[in-house]
Amino acid sequence: MSYNLLKGKRGIVFGALNDMSIAWKVAEKAVAEGAHITLTNTPVAVRMGEVSQLGEKLNAEIIPADATNVDDLKLVFERSMEVLGGKIDFVLHSIGMSPNVRKKRLYDDLDYDLLDKTLDISAVSFHKMLQVAKKLDAISDNGSIVALSYVAAQRTLFGYNDMADAKALLESIARSFGYIYGREHGVRINTISQSPTLTTAGSGVKGMESLMDFANRMSPLGNATADECADYCMVMFSDLTKKVTMQNLFHDGGFSSMGMSLRAMDQYEKSFDEYRNEDGTIQYG
Ligand SMILES: NC(=O)c1ccc[n+]([C@@H]2O[C@H](COP(=O)([O-])OP(=O)(O)OC[C@H]3O[C@@H](n4cnc5c(N)ncnc54)[C@H](O)[C@@H]3O)[C@@H](O)[C@H]2O)c1
């Protein structure tokens, strides 16, 4: 159902890779709500992925860009203003990747060059995006910018690895930049902390299926889906949330406020065996 929440607004959606991507759902809903958008992803993702199908379906230009590259980001904002015909009203940052996770490096055996890349791609890219947009004066007054985060920024969850540090930095950037951009242009900057969701990035997390199952059972409302996350983004991009800024907004069915459920307590008592890796070494779980 559409409410025309974004009628006449111009937006940029970063990070739609395939139809499981949260950004994909956001792009579809934004257009259904009356927005005109551009899409952007890395040149490789644009070449190899399915983004072009989404672009055709939504009549949205696709601007290839590496979000860690300031010149690429400049191009995204300049070209978007050109094709959409004015300043940008909303932006979604839906970008995350850890080369340490990809290479199965554990948190106490990180490769520091790879850590730099994790932080650059998953967090500093948000600062770069905001700084570029502000210098170009590309965002409308009272515009809304959202980045997607995860509760591992506040609480340790096994397997999330250096992405937890990246998310903590991402949320901090939203606050620090939100102060400056809000004061000067009324621009809102928030993060939405989403439930574990089965996407390409999500499936890289160690033990993702068990994590999703645990979160689902632990949350009184169950896990939030990618579609529901997109709904929340619509509200955040709309004029209904003009005074919400510098917040990390949990969209997780209540998970982040739970400590112990009856079911989890019951399960917990059933097994205290130490956890062993494939090679037999004990891993502290
Ligand atoms: N899936 C989950 O469980 C979950 C939970 C909470 C938050 N999030 C966050 O949601 C966001 C979107 O992830 P998703 O789950 O939809 O997975 P996804 O794999 O569909 O999206 C990740 C996107 O990041 C893009 N990307 C990677 N490196 C980039 C770069 N250098 N420049 C530009 N784009 C780059 C990828 O091409 C991809 O489109 C991420 O920030 C992720 O951490 C995901």
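The largest nonpolar core of this predicted model has 71 residues. A nonpolar core is a set of buried Ala, Val, Leu, Ile, Met, Phe, Trp, Tyr and Cys residues joined through C-beta atoms within 7 Å. A residue is buried if 20 or more other C-beta atoms lie within 10 Å of its own, exposed if 12 or fewer, and partly exposed in between, with C-beta atoms placed from the backbone. Val 13, Ala 27, Ala 30, Ile 37 and Cys 233 have the most contacts inside the core. Helix H7 (residues 163-185) gives the largest share, eight residues. Helices (H or I, at least four residues) and strands (E, at least two) are DSSP runs, numbered from the N terminus. Residues are numbered from 1 along each chain as its sequence is written. In this predicted model, local features need pLDDT of at least 70, side-chain atom pairs count only at pLDDT 80 or more, and totals for chains, interfaces and linings use all residues.

Beyond neighbours within four places in sequence, Ile 37 is in contact with Gly 11, Ile 12, Val 13, Ala 27, Ala 30, Val 31, Leu 58 and Ala 60. Contact requires C-beta atoms, placed from the backbone, within 7 Å.

Seven strands form an open sheet in the order S3-S2-S1-S4-S5-S6-S7, with parallel pairing. Strands S3 (61-62) and S7 (248-251) are the edges, each pairing on one side only. Two strands pair if DSSP finds at least two bridges between them. S1 (residues 10-14) and S4 run parallel, joined by four bridges. Ile 12 stands opposite Val 91 in S4.

The ligand is surrounded by 26 residues. Ser 21, Gly 96, Thr 199, Ala 201 and Gly 202 are the closest. Helix H1 (22-32) and strand S5 (139-149) each supply at least two residues of this shell.

Helix H6 (residues 112-135) bends by about 50° at Val 124. The bend is the angle between axes fitted to the seven residues ending there and the seven starting there. Buried residues of H6 include Thr 118, Ser 122, Phe 126 and Met 129. Their cover includes helix H4 (70-84), strand S4 (88-93), helix H5 (99-102), S5 and H7. Asp 137 follows H6 and has a positive phi, near 50°.

Ala 264 lies in helix H10 (residues 262-268). Ala 264 counts as partly exposed because it has 13 C-beta neighbours inside 10 Å. Met 218 is 46 residues from Ala 264 in sequence, but 7.3 Å away in space, C-alpha to C-alpha.

Notes: Two residues are in contact if their C-beta atoms, placed from the backbone, lie within 7 Å. A residue is near a molecule or strand if its C-beta atom, placed from the backbone, lies within 6 Å of it.
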